[in-house]
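Colleague: I am new to this structure. Please walk me through the terms as we go.

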Amino acid sequence: MALGLIILGRQGSGKGTQALRIAERFGVVHISTGDMLRAAVAEGTELGRQAKAIMDAGDLVPDEIIIGIVEERLQKEDVRAQGFLLDGFPRTVGQAEALAGFAGDGLHLAINLDVAVEEVTSRMLARGRADDTVEAIERRLHLYETETAPLLAWFAERGILAVVDGLGTEAGVFERLRQAIEGVQQ
Ligand code: ADP
């Protein structure tokens, strides 16, 4: 069975790092919408041109744009053969509903990598990235609470939500993620 996984978590939760480890361990294709959009910006495509200002402002790219990109990506042969791990998508209930429409039975688990707001804020301030000002961090975390947190209830209602504690060492957190994913493989 090709696994269909989703990883959710606040910015600064360690989601990106753990996504790479999960993809390596389980052989699924890691699909990061943030990476795809940044690549489009770097290549200067039409999509990149549209997305750049939105991303710079810390806002969300419109659902109809991002949904089309993900739907197309999920149809590729590598994903069909190996399964997928979505990272950064869905971010709104509208995106989740679209995903349920085209991935349907292929969705097995949505993992919330859980780290409290206070902890992610101090982690982001400590890494000192140029776009990690206090204001930008607050805006992104606020968007997460209003747009993305409702997804947790949405996945829980469908019986596919796993909450994994994101505090601890990288290896320790991965161990918990591994167990949660192996649970659905049995
Ligand atoms: P971060 O975890 O720092 O928010 P990502 O790399 O996941 O970053 O995404 C970077 C930016 O790309 C987001 O701030 C947003 O503008 C855009 N983006 C990525 N995924 C989505 C999505 N599913 N829906 C709308 N916008 C998205």
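Modeller: A crossing is left-handed if the near helix is turned anticlockwise from the far one by less than a right angle, and right-handed if clockwise. By that rule, α7 passes α8 in a right-handed crossing. Helices here are DSSP runs (H or I, at least four residues), strands are E runs of at least two, and both are numbered from the N terminus.
This is a predicted model, where local features need pLDDT of at least 70, side-chain atom pairs count only at pLDDT 80 or more, and totals for chains, interfaces and linings use all residues. Residues are numbered from 1 along each chain as its sequence is written, and side-chain values use heavy atoms, with hydrogens and water left out.

Colleague: What makes the contact of α7 with α8, and at what angle do the helices pack?

Modeller: Helix α7 (residues 117-127) and helix α8 (residues 134-157) pack at about 145°, with axes 11 Å apart. Axes are lines fitted to C-alpha atoms, for helices over the stretch in contact, and angles run from 0 to 180 degrees between N-to-C directions. Contact means heavy atoms within 4.5 Å. On α7, the residues include Val120 and Met124; on α8, Ile137 and Leu141 are among them.

Colleague: How do you know that the side chains of Arg178 and Glu182 make a polar contact?

Modeller: A polar contact is a pair of N or O atoms within 3.5 Å; within protein, one must be able to donate a hydrogen and the other to accept it, and residues adjacent in sequence count only if both atoms are side-chain atoms. The pair between Arg178 and Glu182 is at 2.7 Å.

Colleague: What makes a nonpolar core?

Modeller: A nonpolar core is a set of buried Ala, Val, Leu, Ile, Met, Phe, Trp, Tyr and Cys residues joined through side-chain atoms within 4.5 Å. The largest one has 27 residues, and Ile6, Leu86, Leu99 and Phe155 touch the most other members. A second, separate core of 18 residues includes Ala23 and Leu177.

Terms used:
Buried < 20%, exposed > 50% of the residue type's maximum accessible area, 1.4 Å probe, protein only.
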